[in-house]
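Trainee: I want to learn to read a model like this one. Please show me the structure and take me through a few features.

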Amino acid sequence: LIDTYSTDTVINNLYFVQNIRKCRKGKKMRLITNNGHMNFFEEADFLLLPTTVHFNKDYIANVLYFKKLLEIPRVLITTDTRVERAFFVQFGENEVMKFNSCSDGLYFFDMFKKKRTV
């Protein structure tokens, strides 16, 4: 999911990260939701974009924090709702991740599909 309301990027799937390690000093996180809380004591390198993420295999979803995506050098995020309800995250010259809208208003990227080129 791409989320403009989250406070950080969190990943729960081992297939999307490498170099899992204990969080650096001051980087542990407690995520509080309507359903309780979840602690994150590990971080990892995200394989789809060049960024560090919080990792917990027991978390409910993979959530990308919109603001953190904007902070990655050479990332461009676009949308044209006249054409379709989707966000496009472009990294580098020609790699694009398409985040589609689902019925509840969230935007998701099918992480099992490969990024497309433009």
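Trainee: How do β3 and strand β6 pair, parallel or antiparallel?
Mentor: Two strands pair if DSSP finds at least two bridges between them. Strands are DSSP runs of E, at least two residues, numbered from the N terminus. Here β3 and β6 (residues 42-46) pair in the antiparallel sense, over 4 bridges. K22 stands opposite E42 in β6.

Trainee: What is the order of strands in the open sheet?
Mentor: The order is β2-β7-β6-β3, with mixed pairing. β2 and β3 are the edge strands, each pairing on one side only.

Trainee: What should I know about the source?
Mentor: This is a predicted model: local features need pLDDT of at least 70, side-chain atom pairs count only at pLDDT 80 or more, and totals for chains, interfaces and linings use all residues. Residues are numbered from 1 along each chain as its sequence is written, and side-chain values use heavy atoms, with hydrogens and water left out.

Trainee: Where is N12?
Mentor: N12 sits in the loop between β2 (10-11) and β3 (17-22).

Trainee: Is N12 buried or exposed?
Mentor: Buried means under 20% relative accessible area, exposed over 50%, partly exposed in between (1.4 Å probe, protein chains only). N12 has 18% relative accessibility, so it counts as buried.

Trainee: Which residues is N12 in contact with?
Mentor: Contact means heavy atoms within 4.5 Å. Leaving aside neighbours within four places in sequence, the contacts of N12 include F55, Y59 and N62. A polar atom of the N12 side chain lies 2.8 Å from the backbone oxygen of Y59.

Trainee: How many aromatic pairs does a search of the whole structure find?
Mentor: Rings of Phe, Tyr and Trp (its six-membered ring) pair if their centres lie within 6.5 Å; planes under 30 degrees apart count as stacked, over 60 as edge-to-face and the rest as tilted. The search finds 4 pairs. Take F40 and Y59: their ring centres are 5.4 Å apart and their planes stand at 65 degrees, so the pair is edge-to-face. This pair links distant parts of the chain, 19 residues apart: F40 is in strand β5 (residues 36-40), Y59 in the loop between β7 (52-55) and β8 (64-65). F40 is buried, at 0% relative accessible area. Y59 is buried too, at 14%.

Trainee: Why is the pair of F99 and F109 tilted?
Mentor: Their planes are at 40 degrees and their ring centres 5.5 Å apart, so the pair is tilted. Both residues, F99 and F109, are buried.

Trainee: Which residues form one aromatic cluster?
Mentor: F66, F87 and Y107 do.

Technical notes. Polar contact = N/O pair within 3.5 Å; in protein donor to acceptor, adjacent residues only side chain to side chain.
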